[in-house]
Structures are given as C-alpha cells and as structure tokens.
Amino acid sequence: MATAEKSSKEDKSSRTAAKKTARASGTKSAAASSDARKKRAQAVASKSAAKKATRVSAKDDKSLSDLFEHALGDIYYAEKKIYKSLPKMIKAADHPELVQALTSHREETAGQIEKLEAIFELLGKRAKAEKCDAIDGILEESESLLEDFGSSVAADAAIIFSCQAIEHYEITRYGSMRAFADALGMDEAKQHIDDILAQEKAADASLTELAEDSVNAAASDYDEE
C-alpha cells in the first residue's frame, strides 16, 4: 500500500517536473488536429462539470481550463456591474451621439451577459460571478469623476474617459479568454468571445471618434476664457 502510494506521488512529481520543463523551454507547441481539439474541449467540459465546489489546494493541480473558468466568472461579474452602472452615465451625458452610443452599448452588454451564460452552459456549470476588484476600482473611479465633472463643460469628455478605461479592461480580458478557448479547443466558446470582443473594440473606436471629432474640442473652448 505504502509502495503504491509512493509510486503515485513519484509519478505526479515527475509529471509536474515535465510540465515545468516544457513551460520554461519556451518552445512553441504543435497545433492540435481537429479531432484533438474536440477531445480537449470535451475533456474541459467534463472536468468542469465534475469539479467539486471546494477549492483545489495544490497549485500544480490548476490548469488552463481552471484559469479560463476563473476568467469567465471574473468577466461575468464585470459585465453585470457595467450593465448596472451605465444608466447613470447615460443620464449624465449631454451629447446626443454619446447618449445613443452608451444606450446601444448597454443593450449589447445585456446580450454579452447571455453569451457568457451560454459559455458556462458549455462547461456544464451554472453561471456564477467571481468578484473582480479591477472592474470595481475602475467603476468607483468613474463615479468619482462623474461627481467632480458631471455638471461641468467637460462632463462628456469625463464620461468617455471613464468608459474607455472600462472598454480597454474588457478588451484585454476577452483577448486572453479568446486565446485560452482556442488553446483548449473550445471553438463554440471562442466564437461567443469573438463576437463580444468585436463589439467592445467597435464601442471603443466609436468613443474615440466622438471625443476627437467634437466632445474634446467643445470642452476645450472654455479653457480660452
């Protein structure tokens, strides 16, 4: 019994060492075949569905699928918080195109939340938010800016300033998640993420155009007085 347990520990230790060696080598892995990608995606879904609610204590037991699931909960939390915060920004906005842009993006955000829930379903999991300190910080700052600039001529510029910080956070997160889904062979999840990422990038570009074409210039006129 003791011998078998010792052998199991040695095998695990050997596998862990092999993983670390491969990771440290920096060599590029060969692209998986279509069948291999499907099997990998199925394995990820099975692992996620079978996982116990308790946290795994051993760090070496964590894998990319665990990181993907964490990121999914993280961005799910973020999108729901953003959805709730947008009405306040919409109400404070003055430029009609900014009001329209924010209103449209809130509708997109509702759809994005549904897509994230679909990814949870692919994993065989109930949608669950993972508290995200990063988005909480960004949204707290946006509220502070709204209090400071909300009644000023720079209100719209401040709103865009805050919204683009949110967009850039989302773009980086979705970019990483897209790469994770690709590596895990989760093509359906990757498509959902691609769709969301395209919307986030378009929203960011729209805000940049609006700021540079009219909002910033309108606010800066008052600095000449």
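Predicted model: local features only at pLDDT ≥ 70, side-chain atom pairs only at ≥ 80, totals over all residues.
Of the 225 residues of the protein chain, 35% count as buried.

User: How many helices and how many strands does the protein chain have?
Analyst: Happy to start there! Reading along the sequence, the pattern is α-α-α-α-α-α-α. The secondary structure therefore comes to seven helices and zero strands.

User: What share of the contacts with a separation of 6 or more comes from residues 24 or more positions apart?
Analyst: Here we look at pairs of residues in contact and ask how far apart they sit along the sequence. Among the contacts with a separation of 6 or more, residues 24 or more positions apart account for 79%.

User: How far apart are the end C-alpha atoms of helix H4?
Analyst: Helix H4 covers residues 96-122, which is 27 residues. At 1.5 Å a residue, H4 should span 39 Å. The model agrees with that, because the end C-alpha atoms are 39 Å apart.

User: Which helices do the buried residues of H4 pack against?
Analyst: Let's name the buried residues of H4 to begin with: Leu 98, Leu 102, His 105, Thr 109, Gln 112, Ile 113, Leu 116, Ile 119 and Phe 120. Their packing partners are helix H3 (64-92), helix H6 (155-183) and helix H7 (187-220).

User: Are H3 and H4 roughly parallel or roughly antiparallel?
Analyst: The axes of H3 and H4 are 9 Å apart, and the two helices pack at an angle of about 155°. An angle over 145 degrees counts as roughly antiparallel. That makes H3, relative to H4, roughly antiparallel.

User: And are H4 and H6 roughly parallel or roughly antiparallel?
Analyst: On the H4 side, Leu 98, Leu 102, His 105, Gln 112 and Leu 116 meet residues of H6 that include Asp 156, Ile 159 and Cys 163. The axes of the two helices come within 13 Å and cross at roughly 25°. Angles under 35 degrees count as roughly parallel. H4 and H6 are therefore roughly parallel.

User: How are H5 and H6 arranged, roughly parallel or roughly antiparallel?
Analyst: H5 and H6 pack with their axes 9 Å apart, at an angle of about 175°. That makes H5, relative to H6, roughly antiparallel. The contact is made by residues including Ile 135, Leu 139 and Phe 149 of H5, and Ala 155, Phe 161 and Tyr 169 of H6.

User: Which residues touch the most other members of the largest nonpolar core?
Analyst: That core has 45 residues. The elements that give two or more residues to this core are H3, H4, helix H5 (133-149), H6 and H7. In soluble globular proteins, nonpolar side chains tend to be buried together. The members that touch the most others are Phe 68, Leu 102 and Ile 135.

User: Which residues does Leu 102 touch, not counting those up to four places away in sequence?
Analyst: Leu 102 is one of the buried residues of H4. With residues up to four places away in sequence set aside, Leu 102 touches Leu 86, Met 89, Ile 90, Ala 93, Ile 159 and Cys 163.

User: Is Ile 75 buried or exposed?
Analyst: Ile 75 is found in helix H3. Beyond its neighbours within four places in sequence, Ile 75 is in contact with Leu 116, Tyr 169, Glu 170, Arg 173, Tyr 174 and Met 177. With a relative accessible area of 0%, Ile 75 is buried.

User: How far apart in space are the C-alpha atoms of Ile 75 and Cys 132?
Analyst: Along the sequence, Ile 75 and Cys 132 are 57 residues apart. In space, C-alpha to C-alpha, their separation is 7.7 Å.

User: Does His 95 count as buried or exposed?
Analyst: His 95 is found in the loop between H3 and H4. Its contacts, leaving aside neighbours within four places in sequence, are Asp 156, Leu 210, Ser 214 and Val 215. Under 20% relative accessible area means buried. At 19%, His 95 therefore counts as buried.

User: What is the relative accessible area of Ser 214?
Analyst: Ser 214 has its place in helix H7. The C-alpha atoms of Ser 214 and His 95 are separated by 9.2 Å. Ser 214 is partly exposed, with a relative accessible area of 24%.

Key: Residues numbered from 1 in each chain as written. Heavy atoms only, no water. Helix = DSSP H or I, 4+ residues; strand = E, 2+ residues; numbered from the N terminus. Expected span 1.5 Å × (residues − 1). Buried < 20%, exposed > 50% of the residue type's maximum accessible area, 1.4 Å probe, protein only. Contact = heavy atoms within 4.5 Å. Core = buried A, V, L, I, M, F, W, Y, C linked by side-chain atoms within 4.5 Å. Axes fitted to C-alpha atoms, helices over the stretch in contact; angles between N-to-C directions. Parallel < 35°, antiparallel > 145°, perpendicular 65-115°, else oblique.
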